[in-house]
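Here's a quick briefing on the model you're about to open.

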Number of protein chains: 2
Amino acid sequence: MPSPSPLNRRILLTARPQGVPRPEHFTMDAAEIRPPAPGEFLVRNHHLSVDPAQRGWANDEGNYSDPVPLGTAMRALAVGEIVESRADGFSAGDFVYGWFGWQDYCTATPAAVLRLVTERDLPLTASLGVLGINGLTAHIAFHTLGRPRAGETVVVSTAAGSVGSFVGQLARIAGCTAVGVTGSDDKIYAATGRYGYARAVNYRASRDIAADLAIACPGGIDIFYDNTGGEIGDAARALMRTGGRIVQCGTASIPHWTPLPQGPRCERQVLTKRLSWSGFVIFDHLADFPQTAAKLADLIRAGQITYDEDITKGIERAPEVLAGLYRGENLGKAIVSLV
Amino acid sequence: MPSPSPLNRRILLTARPQGVPRPEHFTMDAAEIRPPAPGEFLVRNHHLSVDPAQRGWANDEGNYSDPVPLGTAMRALAVGEIVESRADGFSAGDFVYGWFGWQDYCTATPAAVLRLVTERDLPLTASLGVLGINGLTAHIAFHTLGRPRAGETVVVSTAAGSVGSFVGQLARIAGCTAVGVTGSDDKIYAATGRYGYARAVNYRASRDIAADLAIACPGGIDIFYDNTGGEIGDAARALMRTGGRIVQCGTASIPHWTPLPQGPRCERQVLTKRLSWSGFVIFDHLADFPQTAAKLADLIRAGQITYDEDITKGIERAPEVLAGLYRGENLGKAIVSLV
């Protein structure tokens, strides 16, 4: 058994951000490692995940979950190796992906685990992105709610993003034509060059996103995988074909939902086009993780799925990597490596 | 074989209405009966259906179907007996429900038939309502898109209407609590007394439909069967429970959809509550008609489903019955009987 280092470096949330968390909201310390009690294990983190959702966790605004308490390690997904276990079903040497936080070590129960990492032939960092909630979200939402059929047209907002970059590839694998919406020419280049998109529209450069999207989708849209909502969503809904499916996976374009902002009414489109518009939250689908990760791993091995990573070394840099996310600086999954 | 009468009385659409069709838009004539050609049959109508959708068919505004040409018999559903057949699968003496128009006789092909009427122990008029598109819509949409589970709360807009009057009863049969939204105290009385609703809200008398609906649904809404859209829909969507289903079956509260009217944005509710919001048009489901009508007929025979009819005798009165529909005068399926 590897010997735990004597101290656990942690990135604590020590000030409550309004909006985007910046480095001044965090403080690094080093604490004693708490040995696992019965039913717990001790995991040594190898790689930390940096995700846009952490803004919501750090804020007080309430989202799916309670805000991170001040003075505790920043909530984060991570992948690491169990170094000591007193929990049934987990052994030293197992690699696990779960809620282990921005720290070197985490003493946790099995409830913190999202997935046991079994595909040891692939890089361990893949567990945080393509085999983590991003890839799992793309695969499960696209297939269960999107229900793709070959020949269909799939539109994805934030096409080059952490989820959209996989939806485009999964759409292409399913025999669909993927059309991306994204916010820079670099991202259009990545979407069409690497992420399976037949074409992509830059919504920031567009004077009329509805018109540009209509040109990109001359036969209409069968599946709209929406990560933004707002005007991009309005434009896409107007182009839906009869029987189309809308997968609502995010609402990134709208900063505030209280009170509800106004937009074009949707009832008539839903009715006359027989749309099926569904919301997707990945944590409802934990039971599907093992089989879906296995499918994604096979697609990686077969060279059918590509993934990009933006890896920074050193736990102390996690806060600046997070702040950079909101400036759109990264392309690929943002990861902080500890090993 | 019954002998056809020598002339076919018809109610022709002879002027194009703007808005509600009134008697001055129609003219009655009497024409020769055209004998069926090979592949056709001749049906004698017993009962004519009078439906709100006929407004859209008579107008030029375009809907699901082309407008009724001026100078032709008003498009309508009807039930009658085949008196002569040269079409495979149809014989003299068969009773059929279909697109036979406001006239005594119709020479038609099997494409005009929605359903062969097999439950001859029930009144033939039932084929136009509870066993016609109203009851079939309620049953198919509620069960396939609503996916009810016992104990759930179901809200229905136009609860005492031609479809809503069955959704309330089907919800009760499924073990759900049905809450109606309707527009008069008479309709509240019918909804709660006859149509299966545990309680109902009068949206015309309400000063705050959102607050009143929240009181009527203290645990939230699992299924929202929406026939109106608009503010009633906004109020119901705000009360949806996680995993709720919205069945969009009509948009009666909004008169014009070009350009799209504004309302509260829905993306966040769909996402965070994992809603499933689907549009339903009955004519997509013709293949399900025989088995669904058989289920409804069994529920009628078992005394589990009640239905109301508002029958007027005489083909010449069809236009005034139609005009009365839009004044909300009828309670129950509007039918014009010819026999």
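Buried here means under 20% relative accessible area, exposed means over 50%, and partly exposed is in between, with a 1.4 Å probe and protein chains only. This is a predicted model, where local features need pLDDT of at least 70, side-chain atom pairs count only at pLDDT 80 or more, and totals for chains, interfaces and linings use all residues. Residues count from 1 along each chain as its sequence is written, chains are lettered from A and ligands numbered from 1 in the order in which they are written, and side-chain values use heavy atoms, leaving out hydrogens and water. Helices (H or I, at least four residues) and strands (E, at least two) are DSSP runs, numbered from the N terminus.

**Strand β17 of chain B**
- 5 of the 5 residues of β17(B), residues 333–337, are buried, so the strand is largely enclosed by the rest of the structure.
- Lys333(B), Ile335(B) and Ser337(B) point one way, while Ala334(B) and Val336(B) point the other way.
- In a regular strand the side chains alternate between the two faces of the sheet.
- Two strands pair if DSSP finds at least two bridges between them; β16(B), residues 309–313, runs parallel to β17(B) with 5 bridges, and Asp310(B) has Ala334(B) as its partner.
- β3(B), residues 41–49, pairs with β17(B) in the antiparallel sense over 3 bridges, with His47(B) partnered by Ser337(B).

**An open sheet in chain B**
- Three strands line up as β2-β1-β4 in an open, antiparallel sheet.
- Its edge strands, β2 (26–32) and β4 (72–73), each pair on one side only.
- β1(B), residues 7–13, is joined to β2(B) by 7 bridges, and Asn8(B) sits opposite Ala31(B).

**Helix α8 of chain A**
- Phe289(A), Thr292(A), Ala293(A), Leu296(A), Ala297(A), Leu299(A) and Ile300(A) are buried in α8(A).
- Seen down the axis, these buried residues fall within an arc of 160° (taken from the directions from the helix axis to the C-beta atoms), so they line one face of the helix.
- They pack against β8 (113–116), α2 (133–146) and α3 (164–173) of chain A, where contact means heavy atoms within 4.5 Å.
- After α8(A) comes Gly303(A), with a positive phi near 75°.

**How the two chains relate**
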